[in-house]
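Please read the following account alongside the sequence and the coordinates, moving from the overall picture to individual residues.

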Amino acid sequence: MLGFLVRLLPFWVREPLLILVGSVFGVRIMYLAHRDGEWVAAAIGLVFLVFTAVRVHTVARALRARRAPAPAAAVAPAPQTPLTPPTTPADPAVAVAAQKEPNAWGQAVAAVAVFAALGAALWLGPHLLPSDDDGAPRAASCAGGEDEELPGAYRRTPRAVTGDELCNALNRSDLAQLLGTPTETATAVSGTSGTAPLTDGKVAQPEAEVQFDTFTVNVSATYNELSIAQYVKLMEYGEETDVKALSVLGRPAVLASDHTMKIEINFGGGSGGPVEQGPPARTLSVALDAKDRGGYYDITVWSTSGALPDDGALLDIAEKVLPTIPERTV
């Protein structure tokens with residue numbers, strides 16, 4: 001369709017237009033290819049420049065033909081006729097229109113000017129328009145779920161926060177720096193308002209997760225009656241390793257290590273694979289309040305490579321994230 005419209009243009013409009021477009025795109029593509037080291041792009045840019053050179057040659061040949069005098073042709077002598085006065089058009093406007101011819105150079109200059117302005121706008125637009133990007137890594141946005149209906153456990157637990165609130169607290173611009181990978185940006189962010197397993201939906205357990213190329217951070221809140229002191233005793237009988245009791249923000253806390261679970265889901269039909277042991281994870285559990293009356297936050301970090309940040313990273317995340325989680329009164 002575009003080629004058909006271009007062919008409808010007069011010669012002295014079409015050819016300068018093709019020269020302008022070919023030269024702008026050719027030079028631009030060659031510059032980007034040189035900057036990025038892309039030889040395929042360089043070949044495409046070269047095609048544009050060769051096309052432009054052909055059009056320039058066509059226009060130059062047409063100009064030479066236009067300026068060359070037409071060869072004299074032998075004309076038979078016309079028979080002598082009585083002189084008659086020349087006739088004039090009845091309408092003066094018709095006479096003026098007959099004397100005027102399309103100005104090819106004017107059309108060409110106008111076309112070049114218009115498309116030069118468009119080319120300059122396309123070329124310089126990204127540099128001239130204001131941008132809100134200051135070059136700093138920006139985390140992905142949390143999806144709003146204000147219209148989501150919460151499970152009944154949240155109505156029975158007035159102090160429970162939602163997964164969206166946890167997501168907004170966790171999704172910090174400095175989270176990657178706290179993990180020791182300041183150049184990374186979040187690749188996925190989520191927040192869910194679920195309930196704790198094996199509680200028949202009676203215990204609210206919202207969670208949020210932020211994924212980076214290196215690490216994944218998960219924060220959850222469990223609103224049960226289990227205190228950190230009781231949790232530590234349970235760990236002593238469990239399989240958790242590297243258990244370390246401490247205090248965070250004036251609240252009882254405990255650090256422990258465990259393995260994540262790896263679940264394979266077969267979307268092509270049939271049953272999925274068995275539940276396998278995933279990469280190791282490090283978890284910091286912090287009581288919901290200083291009196292340790294029950295309930296806790298879990299901050300868990302893991303990576304597919306199995307590497308873990310030091311415990312100082314989890315403590316820094318807790319000290320930055322937990323104070324920003326909305327407080328609920330019982």
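In this predicted model, residues 24 or more positions apart account for 61% of the protein's contacts that have a separation of 6 or more. The secondary structure comprises 10 helices and 7 strands, and of the 330 residues in the protein 33% are buried. The accessible surface comes to about 21500 Å², with 60% of that area belonging to carbon and sulfur atoms.

In soluble globular proteins, nonpolar side chains tend to be buried together. Here the largest nonpolar core has 38 residues, and those with the most contacts inside it are Leu-170, Tyr-223, Leu-284 and Ile-325. Ile-325, when residues up to four places away in sequence are not counted, touches Val-161, Leu-166, Ala-169 and Tyr-297.

Helix α10, which spans residues 311-321, has Ala-313, Leu-314, Ile-317, Ala-318 and Val-321 as its buried residues. Seen down the axis of α10, these buried residues fall within an arc of 135 degrees, so they line one face of the helix.

Leaving aside residues up to four places away in sequence, Thr-181 touches Ala-176, Thr-214 and Phe-215.

Methods
Residues are numbered from 1 along each chain as its sequence is written. This is a predicted model: local features need pLDDT of at least 70, side-chain atom pairs count only at pLDDT 80 or more; totals for chains, interfaces and linings use all residues. Side-chain values use heavy atoms; hydrogens and water are left out. Buried means under 20% relative accessible area, exposed over 50%, partly exposed in between (1.4 Å probe, protein chains only). Helices (H or I, at least four residues) and strands (E, at least two) are DSSP runs, numbered from the N terminus. The arc is that of the directions from the helix axis to the C-beta atoms. Contact means heavy atoms within 4.5 Å. A nonpolar core is a set of buried Ala, Val, Leu, Ile, Met, Phe, Trp, Tyr and Cys residues joined through side-chain atoms within 4.5 Å. Accessible areas come from the Shrake-Rupley method with a 1.4 Å probe; for residues, only the protein chains shown count as cover.
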